[in-house]
Amino acid sequence: MTETFKPGVWGTEDPRDEPARLREQIRHLRAQARNRPLIAEAQGILRERYRLPDAEAAFALLQLASQRHNVRLRTLAHAVVRLERPDEGADVWFPGRVRHPAPALESLAIDDASHAHRGAVLGAVLSHTLAVTATHMGNVQIADQATDGLWIEKHAGLSDDFVDFFGFVGKDGTSCAQAAKDVAQVTVRDVAADPLFTEDARRAILEAGSRSCHSVPLVAGGRCVGMVSAHFERPIHDLHGAQLKALEQTGREVGRWLAWYDRTVVLDALEHLHAAARHPEARPSRRR
């Protein structure tokens, strides 16, 4: 996440914009604080593994692979931390790796799933879910095994305060956490009355204008790899069977695709990082 600078004339800023600007700065700092420990851990691993001079050199390698393969920096850092290290002196990180074709994304009408951008797929599953449930509010989260929780990556129609509060959620106290635990769809008919939520989470949802919600796990191999949730302005009854079936199909398609992405595109990025680290002349220059 980067801060956006908007040029203007010095001294002409509307003082009413100041609270919004401060809230944006706070969100930015919180996002940095959440990501910093993981990225720092990855930097330490890379420094030790490739005998790099400092953390800046390690970050430059991460940044190079992230940009070349269009993989989020946090995703790449997470893979460096959790995956088994390459053999000492090995030319490749994952010898004998077999590349498989990408699973189809028929429900999202994406023809070439092998070349689809991850952000576009997450945006498409959110749009599809909102269309099926006939609402304009929702979000997509990615499961993080390291923290045993869910991170928001896409959202629509939700307030900045909502996105800030639920930027990361743990394994309890929300409908999405329950859906991830059960690996099953969860409907909350009335947020104000459902005991599933913590009081802080309930307050944040209601203040965002959501009175009910429905969460759909993105599933691969029987485990939750992500979540898409729809929010509604009024209490709702259960979704129709056809809606549940359509959402389950989409959740399985996208879940399988995300698992493929992790073992294909992310590993491609790690191979690129490994090759650059083993050949100092190919290493990127330091940030200025």
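Mentor: Start with a term for accessibility. Buried means under 20% relative accessible area, exposed means over 50%, and partly exposed lies in between, using a 1.4 Å probe and protein chains only. Next, the ground rules. This is a predicted model, where local features need pLDDT of at least 70, side-chain atom pairs count only at pLDDT 80 or more, and totals for chains, interfaces and linings use all residues. Residues are numbered from 1 along each chain as its sequence is written, and side-chain values use heavy atoms, with hydrogens and water left out.

Now the salt bridges. A salt bridge is a side-chain nitrogen of Lys or Arg within 4 Å of a carboxyl oxygen of Asp or Glu. The count by this rule is 15 salt bridges. Helices (H or I, at least four residues) and strands (E, at least two) are DSSP runs, numbered from the N terminus.

Take Asp268 and Arg99. Their closest N and O atoms are 2.6 Å apart. Asp268 sits in helix H8 (residues 241-278), and Arg99 in the loop between helix H3 (73-82) and H4, so this pair ties together parts that are 169 residues apart in sequence. Asp268 is buried, at 18% relative accessibility.

Asp190 pairs with Arg211 in a salt bridge, with the closest N and O atoms 2.7 Å apart. Asp190 belongs to the loop between strand S4 (186-188) and helix H7 (199-207), while Arg211 belongs to the loop between H7 and strand S5 (212-220), so the pair ties together parts that are 21 residues apart in sequence. Arg211 is partly exposed, with a relative accessible area of 30%.

Helix H7 holds a pair of its own. Asp200 and Arg203 both lie there, three residues apart, about one turn of the helix. Their salt bridge has its closest N and O atoms 3.0 Å apart. Asp200 is partly exposed at 44% relative accessibility. Arg203 is partly exposed too, at 44%. Elsewhere, salt bridges that share partners join Arg72, Arg118 and Glu153 into one network.

Now the backbone angles. Most residues other than glycine have a negative phi. Arg51 has a positive phi, near 55°. Arg51 lies in the loop between helix H1 (18-50) and helix H2 (55-69). Arg51 is exposed, with a relative accessible area of 64%. Ala134 also has a positive phi, near 55°. Ala134 is in the loop between helix H4 (118-133) and strand S1 (137-144). With a relative accessible area of 67%, Ala134 is exposed.
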